[in-house]
Amino acid sequence: MDQLLIRGGRPLQGEVTISGAKNAALPELCAALLCPEPLVLHNVPRLQDVATTLKVLRHMGAGAERSTEREDEVRLDASTITSTEAPYELVKTMRASILVLGPLLARFGTARVSLPGGCAIGSRPVDQHIKGMQAMGAEITVEHGFINALAPLNAAGQRRLRGARITTDMVTVTGTENLMMAAVLAEGETVLENAAQEPEIPDLAELLIAMGARIEGHGTHRIRIQGVSALHAPVRPHHIVADRIEAGTFLCAVAATGGDVTLRHARADHLDAVIDKLRETGAAVTAGEDWIRVQASGRPRAVSFRTSEYPAFPTDMQAQFMAVNCIAEGAAKISETIFENRFMHVNELMRLGARIEVDGHTAMVTGVPRLSGATVMATDLRASASLVIAGLVAEGQTLVDRIYHLDRGYDRMEAKLRGLGADIERVSNR
Ligand SMILES: CC(=O)N[C@H]1[C@@H](OP(=O)(O)OP(=O)(O)OC[C@H]2O[C@@H](n3ccc(=O)[nH]c3=O)[C@H](O)[C@@H]2O)O[C@H](CO)[C@@H](O)[C@@H]1O
Ligand SMILES: C=C(OP(=O)(O)O)C(=O)O
């Protein structure tokens with residue numbers, strides 16, 4: 001099993017290129033299932049969740065390969081689907097596999113998808129995905145760990161979903177994406193109320209529109225979709241939006257270590273809440289259309305925040321910002337409102353000397369002048385990133401174990417950090 005070995009204490013300097021967003025790439029790979037013509041995606045990040053999704057698609061009979069000529073390109077072809085089932089062995093490693101449900105049901109009228117495995121950051125049910133598809137006429141049963149879904153028969157004897165007005169009980173990102181993909185091939189109009197507004201949703205909608213879908217209101221709380229009978233290949237390859245969480249992670253790393261780093265291919269307009277908080281720490285942040293520069297020196301100031309849906313402060317940045325607070329001057333209150341169990345990094349950060357008290361959904365962090373390196377264990381994706389940031393500032397050597405969590409969602413993080421002057425290497429304990 002791989003580990004990251006970090007010798008802390010070096011400020012970060014230079015330039016780093018931000019990859020395409022994991023959370024846009026995953027639904028967009030699944031969108032290939034909607035159409036019998038080829039789909040080409042560019043700016044596809046190299047990470048384990050993408051590899052798993054390609055495996056899920058291949059299991060169904062689709063062509064799904066990274067191109068050999070261009071490393072950020074993936075070519076997909078779902079003209080040859082032989083199975084509409086997503087098995088447990090693949091789905092258990094990645095909750096986003098639920099995103100095949102909407103496309104399969106919309107195009108083939110049937111789908112069998114394993115319930116995603118228990119995930120460390122919370123119980124993460126998919127009841128809203130199911131409720132929405134039922135509102136579109138689907139018959140859904142959940143048995144033996146599988147969601148079995150069947151679209152209703154129309155007058156012509158075909159299995160097609162019917163457009164519906166759907167109000168989800170809460171704002172759900174993958175729920176919105178799944179229902180949007182289900183609706184593009186449904187008969188009639190679907191209105192998604194209480195839709196998520198995360199930038200990955202308009203990015204997916206733009207891809208679907210390029211494939212012939214009729215969608216309005218993406219990026220707002222009300223998305224209107226007029227179903228069409230078939231989609232086609234987009235004229236040009238779709239370029240996946242920049243990963244705002246990867247960008248935010250590098251910004252936090254610099255706020256913690258000090259230094260001067262420019263992120264290339266990054267979107268500051270998707271990071272307003274995070275950049276505001278970084279400025280409160282004392283970091284100087286400037287930005288252009290596709291770059292962000294952060295300059296920091298000395299100890300940051302502690303900054304309180306509360307996670308919430310976009311455009312507010314993202315839960316996917318909570319752990320990384322907690323790491324900054326660990327070595328800040330002052331104390332900060334962090335409230336996690338999205339996931340009920342997303343403080344697992346706390347105990348590991350405390351192993352490095354951090355002072356944190358958790359009370360339910362709130363963590364009080366009192367900054368300390370220095371952390372000291374130790375062996376720590378990654379428990380989930382962003383928890384891993386917080387431990388890397390803490391390791392970069394800690395005195396001495398930090399060994400981050402179980403980094404398969406990190407590899408799920410970061411594109412060559414240690415190589416990018418090394419390019420900025422960090423002393424970090426991947427080691428194997430076998
Ligand atoms: C692949 C992907 O894009 N993952 C992101 C997506 O996850 P994901 O789409 O799974 O997160 P949701 O937005 O659905 O979850 C928000 C909240 O709603 C609850 N809920 C959701 C659906 C449902 O059917 N029932 C239900 O109760 C969840 O348990 C959670 O408490 O958004 C999260 C919140 O920004 C991010 O942390 C994840 O990185
Ligand atoms: C929680 C995350 O991802 P996922 O929804 O894929 O588990 C994340 O990206 O921080």
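Ligand 1 lies between domain 1 (2-19 + 242-428) and domain 2 (22-239), because both domains give residues to the shell around the ligand. The model is a predicted one.

The shell around ligand 1 holds 20 residues, and Asn23, Gln128, Thr172, Val173 and Thr174 are the closest. By class, the shell around ligand 1 has 8 nonpolar, 8 polar and 4 charged residues.

A helix pair can also be described. Two packed helices are characterised by the angle between their axes and by the distance between those axes. Helix H8 (residues 244-257) packs against helix H10 (residues 318-326) at about 5°, and the two axes are 9 Å apart. Angles under 35 degrees count as roughly parallel, so H8 is roughly parallel to H10. The contact of H8 with H10 is made up of 6 nonpolar and 3 polar residues, with no charged residues. The residues that meet are listed by helix.

| Helix | Residues in the contact |
|---|---|
| H8 | Gly248, Thr249, Cys252, Ala255, Ala256 |
| H10 | Gln320, Phe321, Ala323, Val324 |

How confident is the prediction, and what does the protein average in pLDDT? The average pLDDT of the protein is 97, and 99% of the residues score at least 70. For the model, ipTM is 0.99 and pTM is 0.98.

Terms used: Residues are numbered from 1 along each chain as its sequence is written. Chains are lettered from A and ligands numbered from 1 in the order in which they are written. This is a predicted model: local features need pLDDT of at least 70, side-chain atom pairs count only at pLDDT 80 or more; totals for chains, interfaces and linings use all residues. pLDDT is the predictor's confidence in each residue, from 0 to 100. Axes are lines fitted to C-alpha atoms, for helices over the stretch in contact, and angles run from 0 to 180 degrees between N-to-C directions. Helices (H or I, at least four residues) and strands (E, at least two) are DSSP runs, numbered from the N terminus. Angles under 35 degrees count as roughly parallel, over 145 as roughly antiparallel, 65 to 115 as roughly perpendicular and the rest as oblique. Two residues are in contact if their C-beta atoms, placed from the backbone, lie within 7 Å. Ala, Val, Leu, Ile, Met, Phe, Trp, Tyr, Cys and Pro count as nonpolar, Asp, Glu, Lys and Arg as charged, and the others, Gly among them, as polar. A residue is near a molecule or strand if its C-beta atom, placed from the backbone, lies within 6 Å of it. Domain bounds come from an automatic or database domain assignment.
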